[in-house]
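Here's a friendly walk through one protein model. Have a look at it first, and then we'll go through some of its spots together.

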Amino acid sequence: MISGIAAAALVCAAVSVSTTAQRAIPVKALVGGTLIDGFGGTPIRNSVVLIEGERIKAVGQVGTLQVPVGAEVISTEGMSVLPGLWDMHVHLMINGHSDYAHWDKTYPTLFEPVIMPASAKQLLLAGVTSARDLGAPLEASISVRDRINAGKIVGSTVYVSGPFIQHAPYPGTELFRWGVSGVEDARARIRKLADAGVDVIKLIDQDQMTMDEVRAVVDEAHTRGLPVVAHSHRPEEIRRGLAAGVDNFEHTGLSSAPEYPDDIIQAIRERTANMARGPLFWTPTIEGLLNYEYLRDNTEELDNTSWHEGLPPEIIADIRQSIAHPDRLPYFQLTPARRPTLARKFQQLRDAGVVMLIGTDSGIPMKFHSQSTWHELDAWVNILGVDPMTAIRAATYWPSLAMKVADDVGTVTPGKYADIIAVKGDVLRHIALLQRVDVVVKHGTRYR
Ligand SMILES: [Zn+2]
């Protein structure tokens, strides 16, 4: 019950807020669609999402939540409405070219002004409002992230690692791979990255480092509040990463071996049994492997021009010629042998209690930022049998938690940034609809 006076006060407050909103802060209303809010519960039919400025103001239903006078109404009738997607493993500095040695020596001066911004824009237009970039030159990474956040260029919100941290950079990759030599050097390099403002530390080849170096990297990162993401391609990378306290592993590793060995699964279970340490996250980046043979034999998708966005014609032509013969690419030599092992490994990880995240390695040969993320969701659901709600939460709710920004993004909740997408049809029935999103809103601004 509310008293008459209190009710009158509420009305006055409501009137004054909406008047202010009309004058100063733009208000948008997404009206009519079925809202999957990211928490996993029953979707809200005939939903209304009110956005004031950059943030979500209110969430409700047609008939009970009023749309303020003067609001810009965006009809989502017939659509699924959901949090903007995350891709937890992208490479903004590459765009699907098959020859890394050529790319790394030809285009570094274009990473910061052209290539990374183009990748971030392609991701955003694909409905990926947040992306984690794992391995690129430090200054370029920070600059691109900050220019996007400042509204100077259009792109998904990016969380960056800057350079890979590893035993030694491969020849010609020193710009974006930092070797560590000894414990003090390891700590100093992490401090340098933290001081520069990276969001996460990317560790690779930790099986070639000393265990003390691996621990120093992880300890120093955690001291600075940064999560550590590590490759898990080889068994010893996983063992060392687990021993050192890595927060998130990347890739479904172990090449064409049929499964993870028992001691690794046991070690993962020890880790996931410890609730105080939070979830152990794993980004399997699996679709490129599952779909390679299909793509090799059905190349029409490579001609989709969505990945040209923001790239000059010379670079597009260079990429196109490099992937003219998908069957000949050395990068994928072992993929047909790996594919049959993937479902087993994926299931082992899930059974061991890890929290799986959507990520794609977008940017690797033939994997374009405009197309990768929905493919990963589709592979989980339609090849690996993950239920669609779990897959969507692995691309929304859980990534925001893994990156410690769950107060601001990851679900459609009042107070959070308005990062919201909508697509015609029921994504819980047909997840592949996400390949053509109809509405993309990031921080309250509509981009599609
Ligand atoms: Zn990667």
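## A buried lysine without a partner

Lys416 is buried, yet it makes no salt bridge: the nearest side chain of opposite charge belongs to Asp407, and that is 6.5 Å away. Keep in mind as you look around that this is a predicted model.

What does the side chain of Lys416 have beside one of its polar atoms? The backbone oxygen of Ala406 sits 2.8 Å from that polar atom. To find Lys416 on your screen, go to the loop between helix H14 (397-402) and strand E17 (420-424). Setting aside residues up to four places away in sequence, Lys416 touches Glu54, Arg55, Ile56, Ala406, Asp407, Asp408, Val409 and Thr411.

Are His91 and Asp361 buried or exposed? His91 counts as buried, at 8% relative accessibility, and Asp361 is buried too, with a relative accessible area of 11%.

Now for the greasy middle. The largest nonpolar core has 103 residues, and those touching the most other members are Ile165, Ile201, Leu203, Ile268, Trp282, Trp380 and Leu434. Helix H3 (residues 108-125) gives the most to this core, with seven residues. As a general rule, in soluble globular proteins nonpolar side chains tend to be buried together.

Trp380 is worth a click. Leaving out its neighbours within four places in sequence, Trp380 is in contact with Pro284, Ile286, Phe346, Met356, Leu357, Ile358, Gly385, Val386, Ala391 and Ala394. Trp380 is also one of the buried residues of H12, a list that includes Trp374, His375 and Glu376. In H12, 10 of the 11 residues are buried, so the helix is largely enclosed by the rest of the structure. Helix H9 (residues 287-297) is mostly covered as well, with eight of its 11 residues buried. Among those eight are Leu289, Leu290, Tyr292 and Leu295. The buried residues of H9 pack against H12 and helix H11 (335-351).

## Charged pairs

How many salt bridges are there? The count comes to 22. One of them joins Arg240 and Glu236, whose closest N and O atoms are 3.6 Å apart. Both residues lie in helix H7 (residues 235-244), four residues apart, or about one turn of the helix. Arg240 counts as buried at 18% relative accessibility, whereas Glu236 is partly exposed at 33%.

Glu259 and Arg344 make another salt bridge, with 2.9 Å between their closest N and O atoms. Glu259 lies in the loop between strand E14 (248-250) and helix H8 (262-272) and Arg344 in helix H11, so the pair ties together parts that are 85 residues apart in sequence. Asp297 and Arg296 also meet in a salt bridge, at 2.9 Å from N to O. There's a network too: salt bridges that share partners join Arg187, Arg191, Asp219 and Glu220.

## Two more stops

Thr223 is in helix H6 (residues 211-223) and counts as exposed, at 62% relative accessibility. The side chain of Thr223 reaches the backbone oxygen of Asp219 at 2.8 Å. The C-alpha atoms of Thr223 and Arg191 are 9.7 Å apart, and these two residues are separated by 32 residues along the chain.

Last up is Asn46, which has a positive phi of about 45° although it is not a glycine. Look for Asn46 in the loop between strand E2 (34-35) and strand E3 (47-52). Asn46 is partly exposed, with a relative accessible area of 41%.

Conventions
Residues are numbered from 1 along each chain as its sequence is written. This is a predicted model: local features need pLDDT of at least 70, side-chain atom pairs count only at pLDDT 80 or more; totals for chains, interfaces and linings use all residues. Side-chain values use heavy atoms; hydrogens and water are left out. Helices (H or I, at least four residues) and strands (E, at least two) are DSSP runs, numbered from the N terminus. Buried means under 20% relative accessible area, exposed over 50%, partly exposed in between (1.4 Å probe, protein chains only). Lys and Arg count as positive and Asp and Glu as negative; His and the chain ends are not counted. A salt bridge is a side-chain nitrogen of Lys or Arg within 4 Å of a carboxyl oxygen of Asp or Glu. A polar contact is a pair of N or O atoms within 3.5 Å; within protein, one must be able to donate a hydrogen and the other to accept it, and residues adjacent in sequence count only if both atoms are side-chain atoms. Contact means heavy atoms within 4.5 Å. A nonpolar core is a set of buried Ala, Val, Leu, Ile, Met, Phe, Trp, Tyr and Cys residues joined through side-chain atoms within 4.5 Å.
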